[in-house]
Amino acid sequence: KNGNYIWLDGISVNKLADPNVKGIITNVLDTTKRKEAEDKIVKLNEELEQKVEARTAELAAINNELESFTYSVSHDLRAPLRSIDGFTKVLIEKYADTLNDEAKRYLTIVTNNTEKMEHLIEDLLLFSRAGKQNIQKNELDMNNLIYEVWSELEKEYESKNIVLTIEQSLPYALGDAHMIKQVLINLVSNALKYSRNKEKLEIEIGSYIKDKHVVYYIKDNGVGFDMANYEKLFTVFQRLHSSKDFEGTGVGLSIVKRIINKHDGEVWGEGKLNEGATFYFSLPAQKTTN
């Protein structure tokens with residue numbers, strides 16, 4: 001009557017019960033307010049999506065800046081650090097006769113800490129590269145990759161009693177061979193490091209198929225970890241064990257997570273204190289696994 005449009009729903013038409021009376025009865029439900037509310041919700045969702053997209057782009061830009069900053073700082077720190085390390089070693093070698101024991105101890109502390117700093121910088125550069133590096137996915141022969149990694153790492157543990165069990169025919173997967181090799185180096189070296197105090201180091205490497213992905217795992221019988229602290233496991237600079245007991249920078253597992261995420265896979269771990277740990281990571285499977 002006032003010229004406005006309204007929304008109607010549930011229209012029904014019925015004849016009058018009295019046959020002597022001409023006409024029909026119609027019933028309608030005015031749903032205008034509901035429709036207006038629905039339109040508001042649609043508009044709010046659209047605005048929210050726009051805000052999320054804008055915020056995501058902003059966060060991506062900030063993250064890229066942080067990545068560039070980390071890379072630049074880490075790269076620029078290497079030269080002065082090497083200079084400190086070099087001159088410290090010269091002092092120890094050339095002036096050993098004129099230095100007292102206390103001075104030698106101080107210089108040794110400087111040398112040890114520069115080595116730790118060098119490892120930290122190297123890990124930060126790896127972490128930064130893992131975020132920027134483009135993936136070249138190819139068919140991965142995981143058995144060959146693991147044997148390559150093992151041949152590089154086992155030399156450090158030649159004096160240890162190691163029992164290594166590797167699944168004979170690990171399924172092939174899709175991934176960047178260089179990046180996945182880094183994942184294996186980090187996980188296998190961790191398994192060896194945290195098991196080194198055992199009389200017999202037991203390392204098991206295997207796999208299984210799940211949801212079009214191959215899940216690989218590295219299991220050890222080392223010190224393990226408390227699952228109550230699981231959230232810290234893949235966080236940069238977070239360590240579940242004292243650096244006095246086990247060396248490390250707290251970046252290795254973060255690098256693993258970043259690389260696997262770029263491969264559209266997942267990484268997780270399970271452990272119990274003094275009962276060992278198992279780390280898993282998944283990669284897209286081949287259409288036909290070998």
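Where is the place of Thr32? Select Thr32: its place is in helix H1. Helices are DSSP runs of H or I with at least four residues, strands are runs of E with at least two, and both are numbered from the N terminus.

Before moving on, note the ground rules. This is a predicted model, in which local features need pLDDT of at least 70 and side-chain atom pairs count only at pLDDT 80 or more, while totals for chains, interfaces and linings use all residues. Residues are numbered from 1 along each chain as its sequence is written, and side-chain values use heavy atoms, with hydrogens and water left out.

**Stop 1: Thr32.** Thr32 is buried, at 12% relative accessible area. Buried means under 20%, exposed over 50%, and partly exposed in between (1.4 Å probe, protein chains only). Now show Ile6 and Trp7. Thr32 is in contact with both, leaving aside neighbours within four places in sequence. Contact means heavy atoms within 4.5 Å.

**Stop 2: the acidic patch.** Stay on helix H1 (residues 32–94) and select Glu47. Glu47 is partly exposed, because its relative accessibility is 33%. Together with Glu47 they gather in a patch of negative charge on the surface. Patch residues have over 30% relative accessible area and no salt bridge, with like charges joined within 9 Å.

**Stop 3: salt bridges.** The whole structure holds 11 salt bridges. The criterion is a side-chain nitrogen of Lys or Arg within 4 Å of a carboxyl oxygen of Asp or Glu.

- Select Asp85 and Lys89. Their closest N and O atoms are 3.2 Å apart. The two are separated by about one helical turn, because they are four residues apart in helix H1. Asp85 is buried at 17%, whereas Lys89 is partly exposed at 34%.
- Select Lys137 and Asp264. Their side chains meet at 3.8 Å, N to O. This pair links distant parts of the chain, 127 residues apart: Lys137 lies in the loop between helix H2 and strand S3, Asp264 in the loop between helix H5 and strand S8. Lys137 is partly exposed at 38%; Asp264 is exposed at 56%.
- Select Lys181 and Glu148. Their N-to-O distance is 3.4 Å. Lys181 in helix H4 and Glu148 in helix H3 are 33 residues apart. Glu148 is partly exposed at 39%.

**Last stop.** Select Asp9, Arg34 and Glu38. A network of salt bridges links these residues.

Notes:
Patch = residues over 30% accessible without salt bridge, like charges linked within 9 Å, V, L, I, M, F, W, Y side chains within 5 Å. Areas by Shrake-Rupley, 256 points an atom, 1.4 Å probe, with all protein chains shown as cover. Lys, Arg positive; Asp, Glu negative; His and termini not counted. Charge placed at Lys NZ, Arg CZ, Asp CG, Glu CD.
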